[in-house]
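Please read it alongside the sequence and the coordinates.

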Amino acid sequence: LDRGIKLSYNSSVKKLIFDKVKREKSHARQIKNLVKSTIQVPLSEFIVKNRKIEKISLKVVDKSVAFI
């Protein structure tokens, strides 16, 4: 189901993930799990709670990703 939600993020989100990957010396599977736990699952929960939303911005707040 394509709801046409626009997703935007800034460079701080990429840097947060990159820094975690670099610090933990992660491999492909670990990177996939990191992205899933940091972005995918919380984003899915945000969309379910805010069903009528059309635009989502990802930002880093207090060293974690926030959805606005």
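In this predicted model, helix α1 (residues 11-24) has the lowest mean pLDDT among the elements of the protein, at 91, while strand β2 (residues 55-61) has the highest, at 95. For the protein as a whole the mean pLDDT is 91, and 99% of the residues reach 70 or more. Where pLDDT is low, the predicted coordinates should not be read in detail.

The secondary structure consists of two helices and three strands, which follow one another from the N terminus in the order β-α-α-β-β. The C-alpha trace spans about 40 × 25 × 15 Å along its principal axes.

Turning to the helices, α1 packs against helix α2 (residues 28-49) at an angle of about 135°, and their axes lie 11 Å apart. Because angles over 145 degrees would count as roughly antiparallel and those from 65 to 115 as roughly perpendicular, α1 and α2 are described as oblique to each other. The crossing in which α1 passes α2 is right-handed. On the α1 side, Val13, Ile17, Lys20 and Val21 take part in the contact, and they meet Ile31, Leu34, Val35, Thr38 and Ile39 of α2.

The strands form an open sheet of three, ordered β1-β2-β3, in which the pairing is mixed. Since β1 (6-9) and β3 (64-67) stand at the edges and each has a single partner strand, one side of each is left without a neighbour in the sheet. From one strand to the next, the twist averages 25°. Strands β1 and β2 run parallel and are joined by four bridges, and within this part of the sheet Leu7 stands opposite Ile56 in β2.

Both helices are also placed relative to the sheet. Helix α1 packs on the sheet and touches β1, β2 and β3, with its direction making about 55° with that of β2, whereas α2 lies across β1, β2 and β3 and runs at about 25° to β3. The angles given for the helices are collected below.

| Pair | Angle |
|---|---|
| α1 and α2 | about 135° |
| α1 and β2 | about 55° |
| α2 and β3 | about 25° |

Which strands of the sheet does α1 touch? Helix α1 touches β1, β2 and β3, and α2 likewise lies across β1, β2 and β3.

Key. Residues numbered from 1 in each chain as written. Predicted model: local features only at pLDDT ≥ 70, side-chain atom pairs only at ≥ 80, totals over all residues. Heavy atoms only, no water. pLDDT = per-residue confidence, 0-100. Axes fitted to C-alpha atoms, helices over the stretch in contact; angles between N-to-C directions. Parallel < 35°, antiparallel > 145°, perpendicular 65-115°, else oblique. Left-handed = near helix turned anticlockwise from the far one by under 90°. Contact = heavy atoms within 4.5 Å. Pairing = 2+ DSSP bridges.
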